[in-house]
Amino acid sequence: MPSTSAAQAPTNPQFVSGKWSPSTSEETLDVFNPATGEVISRTPLARVEEVDAAVAAAKAAFPSWRKVPPPERARYLFRYRDLLVRYSDDIARITSREHGKTVADAKGSLQRGIEVVEFACGIPTLMMGECLEDVSAGIDTRSIRQPLGVCVGVTPFNFPVMIPLWMFPLALACGNTFVLKPSEKVPQSAIRLVELLHEAGIPEGVINVVHGATPQVEQLIDHPDVRAVSIVGSSEAAAAVYARAAAQGKRVQALGGAKNHLVVMPDADLDLATEAIIASAFGSTGQRCMAGSVVDAVGSVGDELVERLRRRAASLRLGPGDDETTEMGPLVNRAQRDRAAGYIDLGLEEGAKLVLDGRKEIAREGFFLGPTLLDEVKPGSRVSRDEIFGPVLSVIRPKNLDEALELVNASPKGNGAVIFTRDAGTIRRFCMEVEAGMIGVNVGVPAPMAFFPFAGWKGSFFGDLHTTGKDGVRFYTEQKVITSRV
Ligand code: NAD
């Protein structure tokens with residue numbers, strides 16, 4: 001690939017009414033190849049008229065799309081699913097290039113997205129309502145589910161393919177039309193997804209893409225023709241979008257940031273726990289909402305666990321995502337890398353012990369930071385509380401399960417929480433008392449698959465209906481109850 005200067009990098013197109021076109025906005029943001037630092041494309045910040053045009057296209061397409069029978073809507077998705085599978089290598093390479101994650105990791109997360117499309121193919125069954133004969137003499141009642149209209153999706157950088165696929169396949173299957181505002185940091189993956197949906201024959205206006213950042217999202221939320229908003233992002237963005245949309249009476253699901261704890265009990269299988277923690281903390285360079293960020297090493301397990309983690313983390317091979325031998329890629333951009341590295345300095349100021357220092361990798365070209373392990377992190381310190389979103393793993397040493405539960409539940413966030421133990425009573429108590437939405441038992445990344453709902457608790461989620469699973473269908477439909485005497 002010849003190197004391009006920032007000025008030569010192509011500006012990503014928008015998709016409105018079934019056509020790709022350049023934005024006429026002069027404001028753009030750079031998109032990088034994080035392995036080299038090179039600018040590979042630019043994201044336009046759509047003009048007000050362009051955002052309006054995308055919503056108008058979705059509104060115009062809605063009356064006929066909602067009348068396409070659900071089995072036929074599912075057939076578009078069957079075709080789409082086959083295209084996603086056929087072009088999975090191509091999609092994974094695009095994601096790896098603009099995000100930095102390994103191609104294998106990108107393919108794995110695409111697979112999670114494809115499973116949502118497969119789930120959405122069951123829409124004729126999923127959208128069924130209920131019926132009761134003779135609620136009163138000669139009177140029957142039935143409930144039906146109807147689409148809402150124009151729905152909006154706002155997605156983060158860390159899963160450039162999977163998270164858009166959490167949203168639009170199910171929204172469309174339910175008969176809605178959609179405007180996607182992809183992450184400004186990784187727009188090309190979402191563009192490829194929509195190109196393939198177009199190839200699957202989806203009618204014009206049913207899916208639209210506009211680019212931008214906060215002002216464009218705010219305009220979409222405020223637009224009178226937008227009925228529902230899904231956002232996945234930092235807790236700050238999720239809270240802001242939730243408040244703005246809810247204040248206007250709109251339906252909103254807002255998934256925020258995380259600070260996931262992994263509790264390791266003294267009776268845990270340490271071979272299993274070590275591998276699972278390494279994959280959870282350093283997979284995708286720690287840039288996952290389900291990434292393990294704090295290990296609570298309970299009682300006597302601490303010294304041996306920390307030594308095992310140090311050895312395994314130090315052995316991880318860093319490199320560009322498209323090199324098959326790479327186990328950990330770079331962070332998405334310089335700001336994200338510097339922010340994560342800053343937390344290592346802060347951890348030391350707060351009294352933690354540096355067991356493995358990833359900062360030596362900063363000297364490489366691109367936005368690398370090596371795996372880092374901080375031990376004896378103080379409960380309540382900022383490294384123990386803030387979402388770092390990078391390859392920095394903290395270890396806290398609670399004395400027993402009571403103390404571990406107290407630490408996990410003190411977190412303002414509650415996306416995931418994990419326990420490693422062989423004891424059934426401990427597992428039961430942890431599952432019952434821990435305050436988080438997605439729980440792992442001897443599993444490092446307890447991300448639910450497409451047919452279950454996905455979301456956290458507390459500052460990790462604002463809303464009611466989670467994304468995907470039956471909650472996803474409920475979110476994208478309105479119920480109507482019909483009582484009839486015939
Ligand atoms: P981000 O919050 O910077 O951006 C996410 C999206 O929201 C982008 O499309 C952005 O343009 C938009 N946005 C940002 N601020 C906004 C605002 N104030 N108002 C309206 N829109 C706004 O997040 P990011 O850095 O792209 O992604 C990483 C974050 O996403 C992490 O905090 C991670 O934990 C979180 N995340 C959560 C989940 C989950 O399931 N809970 C999944 C993936 C990522």
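A polar contact is a pair of N or O atoms within 3.5 Å. The model is predicted.

**Exercise 1.** Find which backbone atoms lie within the polar-contact cut-off of the ligand.

Solution. Start with the ligand nitrogen: a polar backbone atom of Gly256 is 2.7 Å from a nitrogen atom of the ligand. Turn to the oxygens. A backbone N or O atom of Thr155 lies 2.8 Å from a ligand oxygen. For Gly233, a backbone N or O atom is 3.2 Å from an oxygen atom of the ligand. Next, check burial. The ligand alone exposes 850 Å², and the protein buries 90% of that.

**Exercise 2.** Describe the site and the shell of residues around the ligand.

Solution. Then list the elements that give two or more residues to the shell: helix 6 (162-173), helix 8 (214-222), strand 10 (226-232) and helix 9 (235-247). Sort the shell by residue class: 16 nonpolar, 9 polar and 4 charged. Among the 29 residues around the ligand, Thr155, Glu184, Ser234, Gly256 and Glu387 come nearest.

**Exercise 3.** Why does the ligand lie between domain 1 and domain 2?

Solution. Domain 1 covers 14-256 + 460-485, and domain 2 covers 260-441. Both give residues to the shell, so the ligand lies between them.

How values were computed
Residues numbered from 1 in each chain as written. Predicted model: local features only at pLDDT ≥ 70, side-chain atom pairs only at ≥ 80, totals over all residues. Heavy atoms only, no water. Near = heavy atom within 4 Å. Polar contact = N/O pair within 3.5 Å; in protein donor to acceptor, adjacent residues only side chain to side chain. Areas by Shrake-Rupley, 256 points an atom, 1.4 Å probe, with all protein chains shown as cover. Helix = DSSP H or I, 4+ residues; strand = E, 2+ residues; numbered from the N terminus. Nonpolar A, V, L, I, M, F, W, Y, C, P; charged D, E, K, R; others polar. Domains from an automatic or database assignment.
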